[in-house]
Amino acid sequence: MPQPVQSRSPASAPAGARPGRPPEHPADPTAALRRRAQARQARREALFGYGMVTLSLVVVFVFTVAPIVGSFVLALFKWDAISSPRFVGLQNFDTLLHDKAVTHSLLVTTSLAVMIVFLQVALGLGLALLVAQRASKIVQNLFRAAFFMPMLASAASISIVMSYIFDDHFGVINYYLGALHLPTVPWLSSTTGATATIVIVAVWQQLGFTFILFVAALGSVPPDVLEAAQIDGASSARVFWRIKLPLISPTVLFACTVGLINTMQLFDQPYVMTKGGPGDATYTTVLLVYQTAFQNLQFGYASAVSVLLFVALLVITAVQFTVSRKWVFYS
């Protein structure tokens, strides 16, 4: 016959233990040391992270925020870097609104930017489609490296080399055109030729960036969607316009936005290759800012022109994002 279980009386519990709780064990010194070491490691990692973030913020402030604020402030003064700055208020902005050189430079910059960005996006997307569809992974990597190589060199050094290649008299291109008994082209001495040369050089140097962007975007398109379209009998053109292009539309918007921001600040190619000429055919806004500030010593007026360019970039970017709501699709 089973015996009833007798409950343990509080008197039989170990000394110092509370009724209803398990007996306490002495703390493990090894575990305490381990916890303290982990806490010290976490503090070191946190301090390192805060230090890196602080360093990045300092760099951004010194090289980006401070110059922008300084340009806005300096635009309100008249200063030639020799005498003391003189406050003139909005006089610089009133002057540039009636300055034909500023208007012409903005038109030249905008036209160059539109042509360069259009060719960059179109050629980059076309090459990415060819490479993604026809080439293996090894060939894709080779093409990425080949197209990205020009971006590793400075725009000034590339412009110097290109100025010799496109020279009207002893350039390589005109030499071979003459050898083939074809008429030579005034690449740098005519308005159309200089504009075309600037566009060609800028597109050639920046094409690798858009090419890599579109190769990555096309690689992220779901393959099951493409297979379903092929099973339904959709042609390659229809697959591109109806499936691929809508899916990579955020990348197209990013490439257009970044491309316009960069090309609206075009300076190296016009300065090195044409000096803004012939005449003022390639006289960009940044080149105008440079000559006004460092050749004419009108730093206040140059700052006002740079502020105008900054505002123009903000407006163009805002318009791009507003229009993109109708054709950009985010999955």
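**Legends to the views of the predicted protein chain**

**View 1. Charged side chains of the protein chain.** The protein chain carries 21 positive and 13 negative side chains, with the centres of the two sets 16 Å apart; Lys and Arg count as positive and Asp and Glu as negative, while His and the chain ends are not counted, and each charge is placed at NZ of Lys, CZ of Arg, CG of Asp or CD of Glu. This is a predicted model, in which local features need pLDDT of at least 70 and side-chain atom pairs count only at pLDDT 80 or more, whereas totals for chains, interfaces and linings use all residues. Residues are numbered from 1 along each chain as its sequence is written, and side-chain values use heavy atoms, with hydrogens and water left out.

**View 2. Threonine 210 within helix H7.** Threonine 210 lies in helix H7, which covers residues 191-219 (helices are DSSP runs of H or I with at least four residues, numbered from the N terminus). Because its relative accessibility is 1%, threonine 210 counts as buried, a term that means under 20% relative accessible area with a 1.4 Å probe, protein chains only.

**View 3. Surroundings of threonine 210.** The side chain of threonine 210 reaches the backbone oxygen of leucine 207 at 3.0 Å. When residues up to four places away in sequence are not counted, threonine 210 touches Gln120, Gly124 and Ala255, where contact means heavy atoms within 4.5 Å.

**View 4. Burial and contacts in the protein chain.** Of the 331 residues of the protein chain, 32% count as buried, and among contacts between residues at least 6 apart in sequence, 69% join residues at least 24 apart.

Definitions and conventions: Buried means under 20% relative accessible area, exposed over 50%, partly exposed in between (1.4 Å probe, protein chains only). Helices (H or I, at least four residues) and strands (E, at least two) are DSSP runs, numbered from the N terminus. A polar contact is a pair of N or O atoms within 3.5 Å; within protein, one must be able to donate a hydrogen and the other to accept it, and residues adjacent in sequence count only if both atoms are side-chain atoms.
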